[in-house]
Amino acid sequence: MEQYDSRVDAYIEKSAEFAKPVLQYIRQVVHEASPLISETIKWGFPFFEYKGTICQMAAFKEHCAFGFWKASLLNDPEKVLKIGDQTAGSFSKITRIEDLPSKNILTDFILQAIAMNSEKSVKAPVKKVKEPLEKASLAIPDYFIDFLVDHPKAMEVFEKFSYSHKKEYVVWITEAKTDATRLKRMETAVEWMTEGKSRHWKYQTK
């Protein structure tokens, strides 16, 4: 896999003007941290990989997001990671480069993630939480389970939901016609579930 992917260039180019310098900066920091990292596009968004996913970034209408796949396993002495935040990524909503931690901190996280991916014994938390979800007769996509891993509160609520409530969310997400819509729905689902809400909470009588 190539270090740079032209699809990432295209993604940045079509992003909002405020997002372009943020995405370009993230991309630069990631590749400066290690020439071993390659780029790809998953679910319509840029991902950075080395023996597995390292991190990913995304641009939305009013903010950007940058997250680490194994964020909950990273050593974070400065307490800058927002584990379980309902927004996409590991640092809440980003509208400018200054919203990100320092370059040194980001580089340390990237190198930690590379080291973890290089050690077969270090696996993302999904391996620990995936099993109880799969025991249900409902077929839950791996990408949704993986997404829930970074949002423990939403995961906890989802696991306690009845079969019908789980199915409402799963059907809504899997019926998305594009990767961008699917990711947006997963973000919304996580936000609602973090608040303890079912898929059709707006229509439920109080």
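Predicted model: local features only at pLDDT ≥ 70, side-chain atom pairs only at ≥ 80, totals over all residues.
How many bridges join strand β3 to β4, and how do the two strands run?

View 1. Strand β3 covers residues 53-59. 5 bridges join β3 to β4, and the two strands run antiparallel. Look for Cys55 first. Its bridge partner in β4 is Phe68.

**View 2. The open sheet, with strands in the order β1-β2-β3-β4.** The sheet has 4 strands, and their pairing is antiparallel. β1 (38-42) and β4 (64-68) stand at the edges. Each edge strand has a single partner, so one side of each is left without a neighbour in the sheet. From one strand to the next, the twist averages 20°.

**View 3. Helix α2 packed on the sheet.** Helix α2 spans residues 19-33. The helix touches β1, β2 (45-49), β3 and β4. The direction of α2 makes about 170° with that of β3.

**View 4. Lys79 in the loop between β4 and α3.** Helix α3 covers residues 103-118. Lys79 is not a glycine, yet its phi is positive, at about 55°. Is Lys79 buried or exposed? The relative accessible area of Lys79 is 66%, and exposed means over 50%, so this residue counts as exposed.

**View 5. Ser92 in the loop between β4 and α3.**

Definitions and conventions. Residues numbered from 1 in each chain as written. Heavy atoms only, no water. Pairing = 2+ DSSP bridges. Axes fitted to C-alpha atoms, helices over the stretch in contact; angles between N-to-C directions. Contact = heavy atoms within 4.5 Å. Buried < 20%, exposed > 50% of the residue type's maximum accessible area, 1.4 Å probe, protein only.
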